[in-house]
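Let's take a friendly walk through this fold, strand by strand, before we turn to its core, its pocket and its loops. Here it is.

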Amino acid sequence: KRTNYINIDAPYPNPVFTIVVTNEYLEYSKIKIEDLNDKIIYVYGKITIYKNDPKQIPQIFNPRWIEVKK
């Protein structure tokens, strides 16, 4: 799959917020998606709504950075 979803606060299909990252972004950032599971993370990026549909879940697509809280 080419797109990965990090659901915040609740699992699919009820997430409050989603971070969307492509495989290319993960490779460039040297992040392993499985390392983020059940961790507290910091994310910096622009919050958007998919296709400008207000019924959609807010998301950040390919954030500027993701960091695991230490």
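T18 has Q59 in β5 as its bridge partner. Strands and helices here are DSSP runs (E, at least two residues, for strands; H or I, at least four residues, for helices), numbered from the N terminus. This is a predicted model, in which local features need pLDDT of at least 70 and side-chain atom pairs count only at pLDDT 80 or more, while totals for chains, interfaces and linings use all residues. Residues are numbered from 1 along each chain as its sequence is written, and side-chain values use heavy atoms, with hydrogens and water left out.

**The sheet**

β2 and β5 run parallel and are joined by three bridges. I19 of this pairing stands opposite I60 in β5. Two strands count as paired if DSSP finds at least two bridges between them. On another side of the story, β5 also pairs with β4: these two run antiparallel, with three bridges, and I47 has I60 in β5 as its bridge partner. β1 and β2 are antiparallel too, joined by six bridges, and Y5 stands opposite V20 in β2.

The table collects these pairings.

| Strands | Direction | Bridges | A facing pair |
|---|---|---|---|
| β4 and β5 | antiparallel | three bridges | I47 and I60 |

Put together, the strands make an open sheet of four in the order β1-β2-β5-β4, with mixed pairing. β1 and β4 are the edge strands, each pairing on one side only. Neighbouring strands in the sheet are turned by 35° against each other on average, direction ignored; the angles are taken between axes, which are lines fitted to C-alpha atoms (for helices over the stretch in contact), with N-to-C directions and a range from 0 to 180 degrees.

**β2 and its two faces**

How many of the residues of β2 are buried? Six of its six are, so the strand is mostly covered, where buried means under 20% relative accessible area, exposed means over 50%, and partly exposed lies in between (1.4 Å probe, protein chains only). In a regular strand the side chains alternate between the two faces of the sheet. Here F17, I19 and V21 point one way from β2, while T18, V20 and T22 point the other way, and all are buried.

T22, in strand β2, counts as buried because its relative accessible area is 14%. Apart from neighbours within four places in sequence, T22 is in contact (heavy atoms within 4.5 Å) with R2, T3, N4, F61 and N62.

**Core and pocket**

The largest nonpolar core has 11 residues: I6, F17, I19, V21, Y25, L26, I31, L36, I41, I60 and I66. Such a core is a set of buried Ala, Val, Leu, Ile, Met, Phe, Trp, Tyr and Cys residues joined through side-chain atoms within 4.5 Å. β2 and α1 (23-29) are the elements that give two or more residues to this core, and the largest share, three residues, comes from β2. Leaving out neighbours within four places in sequence, L36 touches I6, I31, I41, I66 and V68 as contacts.

L36 also turns up at the largest pocket, which has a volume of about 330 Å³: of its 15 lining residues, the closest to the centre are I6, N7, L36, N37 and D38. β1 supplies the largest share of the lining, five residues. A pocket is found on a 1 Å grid over the protein atoms alone, as an open set of points where a 1.4 Å probe fits, with protein on both sides within 12 Å along at least five of seven lines; lining residues have an atom within 4 Å of a point. Grid points are joined across faces, edges and corners, and the volume is the space filled by probe spheres set on the points.

Most residues other than glycine have a negative phi, and most peptide bonds are trans. D9, in the loop between β1 and β2, has a positive phi near 75° without being a glycine. With a relative accessible area of 67%, D9 is exposed. N62, in the loop between β5 and β6 (65-68), is likewise not a glycine and has a positive phi of about 45°; its relative accessible area of 25% makes N62 partly exposed.

Which kind of peptide bond joins Y12 and P13? The bond is cis, with omega at about 15°, and P13 is found in the loop between β1 (3-8) and β2 (17-22).
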